Amino acid sequence: MEVLRLLLSLVCVVLVRVHSETVPVDQYKQQLLDVHNAYRAQQGAADMQALVWDDTLSKEAGSWIKRCSFKHEMKGRGENLAFDSNPKKTEELINSSMKAWYDEIKDYNYNRKSCAPRSCHYTQVVWAKTRKVGCAMEKCNYLQAFGRPVKNAWYLACYYDPKGNDISEYPFEKGAACSKCLQKQTCENKLCTGEGVEVCEDNDKDCEFWATSGECKKNPQFMNKKCRKGCGICKGA
């Protein structure tokens with residue numbers, strides 16, 4: 001009887017064995033960029049950066065989703081994930097998945113300064129300081145999602161850098177488009193475009209004290225944002 005149970009278990013494992021096929025992303029890069037930037041331009045933001053494509057992020061996302069497991073990698077990148085088991089053209093799947101991310105705007109309250117579980121995809125899409133995005137797509141015969149296998153699932157992952165959803169910050173600053181771009185940037189389609197130069201300044205009155213207390217090394221993520229001058233990250237007034 002125990003042998004029979006073991007054989008049945010092995011049969012079940014074989015039946016749900018995961019196979020996947022990578023969807024080449026090159027022909028969809030521009031669409032993915034254009035949809036992202038179109039949503040970003042709609043925000044009425046003063047400091048919204050135009051996203052550019054990053055192949056490293058795309059490769060990282062592709063490596064992660066080949067596992068066909070619908071969960072976040074959580075390794076320092078911003079991440080948005082989506083899947084769809086309906087038979088559609090890839091272009092339609094991209095548009096509908098990104099629309100689902102963006103539609104979380106209805107659950108977001110700007111004044112809270114942080115995303116709720118149902119609005120974090122939206123805020124990452126429109127996080128003003130994010131500069132790069134790279135996406136990947138996979139077709140999984142079975143995608144493990146929410147504790148069950150989803151048959152014939154198309155799986156999309158977009159990775160972002162710098163990551164968004166910092167609970168201490170607004171996703172973007174409201175105001176006239178491009179009114180708070182970095183120095184030497186230009187404005188195109190309501191987005192700040194070009195590398196630009198960040199102003200060398202401290203954004204908190206306690207930066208000098210924190211810097212002399214060693215916080216630049218102890219708490220670099222915070223200090224690199226708030227105390228660029230105090231930590232010697234930049235030069236100038």
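Which residue forms a salt bridge with aspartate 103, and how far apart are the closest N and O atoms? The partner is lysine 99, and the closest N and O atoms are 2.7 Å apart. A salt bridge here is a side-chain nitrogen of Lys or Arg within 4 Å of a carboxyl oxygen of Asp or Glu. Both partners are partly exposed: aspartate 103 has a relative accessible area of 28%, and lysine 99 has 44%. On that scale, buried means under 20% relative accessible area, exposed over 50%, and partly exposed in between, using a 1.4 Å probe and protein chains only.

Before going further, a word on what you are looking at. This is a predicted model, in which local features need pLDDT of at least 70 and side-chain atom pairs count only at pLDDT 80 or more, while totals for chains, interfaces and linings use all residues. Residues are numbered from 1 along each chain as its sequence is written, and side-chain values use heavy atoms, with hydrogens and water left out.

Let's turn to helix H2. Helices (H or I, at least four residues) and strands (E, at least two) are DSSP runs, numbered from the N terminus. H2 covers residues 29-41, which makes 13 residues, and spans 18 Å from its first C-alpha to its last, close to the 18 Å expected at 1.5 Å a residue. That expected span is 1.5 Å times one less than the number of residues. Its buried residues are Gln31, Leu32, Leu33, Val35, His36, Asn37, Tyr39 and Arg40. They pack against several elements, including helix H4 (90-102), strand E4 (132-145) and strand E5 (148-161), where contact means heavy atoms within 4.5 Å.

Now back to the charged pairs. Side chains of opposite charge can pair when their charged atoms come close. The model has 12 salt bridges. In one of them, lysine 132 meets aspartate 54 at 4.0 Å, N to O. Lysine 132 lies in strand E4 and aspartate 54 in the loop between E2 and helix H3 (55-65), so the pair ties together parts that are 78 residues apart in sequence. Lysine 132 is partly exposed at 34%, whereas aspartate 54 is buried at 16%.

Lysine 129 and glutamate 169 also form a salt bridge, at 3.6 Å from N to O. Because lysine 129 sits in the loop between H5 and E4 and glutamate 169 in the loop between E5 and strand E6 (186-188), this pair links parts 40 residues apart in sequence. Lysine 129 is partly exposed at 48%, while glutamate 169 is buried at 9%. Finally, salt bridges with shared partners join Asp26, Lys29 and Asp55 into one network.
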